[in-house]
Each structure stands twice: as C-alpha cells, then as structure tokens.
Amino acid sequence: MNAATCAITTNNQVHCGGDTSSRIHIPYSSCSSASTASEWCPVDLSSYQSETPGDVQIGNDEACILMNSGRLLCWGNSPGAGSTSTRYYHNALQQTAYNTNDRAVKVVLGSFSNCYITEHGNMHCWNGGSSLSPTSNTHSTTNVSLPTGRTAVDVAINDGNMCV
C-alpha cells in the first residue's frame, strides 16, 4: 500500500510527502533526501512553466498530475518510458497523455487499472494485470471501446470493479 500524499498549493506548485519507500518515489527537485521523507517536497514542474496543475492523484503504484492544458504527467508504475519489463518505476515525470485536440480532463488511479477521460468523452486506460484493463501492457495506454454513441463522463475503479 502506498503511504505518500500530494497537494497543490495556492501558488500552483505540487508538493508530496510521506513514506514512499515501498511503492512510488516522489520526483524530488529540492529535497534533502529522496528516501522515506516526512518533509513536504516540491515536484519539479519547471519544464511546464506555462501550465498549472489542476489535479493530482495518488494510486497504488503511481501518481499523476493533470495540468490545466490537458497534459497528464505521471510517475511510478506508469506509461511513458517504453520499458518491456513487468515492473518499471519512473522516478521522474513521464508524459502519459497530451493531445491538444482532445485534452485529458479527468484521471482516476485504481489498484490494478488506471484511466483518464478526455474532453470528447474518450477513455484511455493502462496498467493491465486484471480483467478491468483493456490491455496487459503496463507501459502504454489503450483506448477503451464504449458502446456506439456513448462517451465517458466519469469512471470509478476499485479492486474488482470499474464503472463508467
């Protein structure tokens, strides 16, 4: 289980803290250590200065920041590096999604599956390993096929169920 937590501050910075030794490691930028820090440490968003964080989510094995531009940045066991190993933990932010024609507007991180929804109602998921995910590939996102004429507005994920 993950014991980390993150928050968006009033000056549009993301700070994380807690025990991150067993699951995700916070991408520290100016902390004194990257171990099981009890201090709050800023996540380095300097590469995205023209954007602001709109949401931050912590999952079982990963964390994501949804920027106001629709860019989705994740770290931990998340897509982005193209590794083919069964587990690959990113200690740095990875761009998981960014499409200016169909921006990500919501991200939900579950125990075995993770999804984001776009402004046009498309849903993309990653982190296979259960029947809840449309793919077993943990390092790429897959579009979820919804019934004809249906779009995703929200998604809820727990250990054994996914509802759209």
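**Disulfides and cores**

Analyst: Cys6 is buried, as is Cys16; buried means under 20% relative accessible area, exposed over 50%, and partly exposed in between, with a 1.4 Å probe and protein chains only. This is a predicted model, in which local features need pLDDT of at least 70, side-chain atom pairs count only at pLDDT 80 or more, and totals for chains, interfaces and linings use all residues. Residues are numbered from 1 along each chain as its sequence is written, and side-chain values use heavy atoms, with hydrogens and water left out.

User: How many disulfides does the structure hold?

Analyst: A disulfide is a pair of cysteine sulfur atoms within 2.5 Å. The structure holds 3 disulfides. One of them joins Cys6 to Cys16, with an S to S distance of 1.9 Å. The torsion about its S-S bond is about 105°, so this disulfide is right-handed. Cys6 belongs to strand S1 (residues 3-8) and Cys16 to strand S2, 10 residues apart; strands (E, at least two residues) are DSSP runs, numbered from the N terminus.

User: Which strands hold Cys64 and Cys74?

Analyst: Cys64 and Cys74 form a disulfide with their sulfur atoms 2.0 Å apart. Cys64 lies in strand S5 and Cys74 in strand S6, so the link ties together parts that are 10 residues apart in sequence. Cys64 is buried at 0% relative accessibility, and Cys74 is buried with a relative accessible area of 0%.

User: What does a disulfide join to Cys115?

Analyst: Cys115 is joined to Cys125, S to S 2.0 Å. With a torsion of about 100° about the S-S bond, the disulfide is right-handed. Both cysteines are buried.

User: Is Cys163 buried or exposed?

Analyst: Cys163 is exposed, because its relative accessible area is 51%.

User: Which residues touch the most other members of the largest nonpolar core?

Analyst: A nonpolar core is a set of buried Ala, Val, Leu, Ile, Met, Phe, Trp, Tyr and Cys residues joined through side-chain atoms within 4.5 Å. Among the 13 residues of the largest one, Val14, Val43, Leu45, Ile65, Trp75 and Leu93 touch the most other members. Strand S2 (14-19), strand S5 (62-67) and strand S6 (72-76) each give two or more residues to this core. The largest share, 3 residues, comes from S5.

User: Where does Val155 lie?

Analyst: Val155 lies in the loop between strand S11 (142-143) and strand S12 (156-157). Val155 counts as buried, at 6% relative accessibility.

Definitions and conventions. Helix = DSSP H or I, 4+ residues; strand = E, 2+ residues; numbered from the N terminus.
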